[in-house]
Amino acid sequence: MLTALDHIQLAAPAGSEDLLRAFYIDALGMKEVPKPPVLAARGGCWFTAADGRVQLHLGIEEPFRPSAKTHAGLRVTGIDAFAAWLASHGAQVVWDDNLPGYRRFYSQDPVGNRLEFLEPKP
């Protein structure tokens, strides 16, 4: 029986860890989680938010090509303020009103991974 989603892994190109840290820590407010040593040798980085309830892993993939459709769907509160904050960090914000019951927008991390941010409508 499934009980939870433990984490989502996205791909990243070799050497992009500092760009990813700047975005996921500074713009999204996440914290970096140390990778186990055997996995750290492969590169990439792991992040967490919401007291560990949200985990995102970025693993090195060569050749790297960001997916046009694959994405993480991240639930937020205060979506308007969050979108403005993200835009102030240089991220593109593209609103989409095609999901009934939610306000949402799409953005990308610095290596081109698609991210969806959504908040249920009251």
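Which element gives the largest share of the lining of the largest pocket? Keep that in mind while you set up the view. This is a predicted model, in which local features need pLDDT of at least 70 and side-chain atom pairs count only at pLDDT 80 or more, while totals for chains, interfaces and linings use all residues. Residues are numbered from 1 along each chain as its sequence is written, and side-chain values use heavy atoms, with hydrogens and water left out.

**Stop 1**

Helices (H or I, at least four residues) and strands (E, at least two) are DSSP runs, numbered from the N terminus. Two strands count as paired if DSSP finds at least two bridges between them. Axes here are lines fitted to C-alpha atoms (for helices, over the stretch in contact), and angles run from 0 to 180 degrees between N-to-C directions.

Now zoom in on E4. E1 runs parallel to E4, joined by five bridges. Gln-9 stands opposite His-57, and Leu-10 has Leu-58 as its bridge partner. Leu-58 is also the bridge partner of Cys-45. E3 and E4 pair in the antiparallel sense, again over five bridges. These two strands form a hairpin with four residues between them. Click Ala-50 in the turn: its phi is positive, about 55°.

Lying across implies contact, meaning heavy atoms within 4.5 Å.

**Stop 2: Trp-46**

Stay in E3 and select Trp-46. Is Trp-46 buried or exposed? Its relative accessibility is 17%, so Trp-46 counts as buried. The cut-offs are under 20% relative accessible area for buried and over 50% for exposed, with partly exposed in between (1.4 Å probe, protein chains only). Show its contacts, leaving out residues up to four places away in sequence: among them are Lys-31, Glu-32, Val-33, Leu-39, Leu-56 and Leu-58.

Next, draw a distance from Trp-46 to Trp-95. Their C-alpha atoms are separated by 27 Å, and the two residues lie 49 apart along the chain.

**Stop 3: the sheet with E5**

Four strands form it in the order E5-E8-E7-E6, with mixed pairing. E5 and E6 (94-96) stand at the edges with a single partner strand each, so one side of each has no neighbour in the sheet. Neighbouring strands are turned by 25° against each other on average, direction ignored.

Select 94-96 and 102-108. E6 and E7 pair in the antiparallel sense over three bridges. Trp-95 has Phe-105 in E7 as its bridge partner.

**Stop 4: the largest pocket**

Select Ala-49, Val-54, Gly-73, Leu-74 and Arg-75. Of the 19 lining residues, these lie nearest the pocket centre. Strands E4 (54-60), E5 (71-75) and E8 (114-120) each give two or more residues to the lining. The opening question is settled here: E5 gives the largest share, three residues.

The volume is about 430 Å³. On a 1 Å grid over the protein atoms alone, a pocket is an open set of points where a 1.4 Å probe fits, with protein on both sides within 12 Å along at least five of seven lines; lining residues have an atom within 4 Å of a point. Colour the lining by type: 12 nonpolar, four polar and three charged.

Methods: Grid points are joined across faces, edges and corners, and a volume is the space filled by probe spheres set on the points. Ala, Val, Leu, Ile, Met, Phe, Trp, Tyr, Cys and Pro count as nonpolar, Asp, Glu, Lys and Arg as charged, and the others, Gly among them, as polar.
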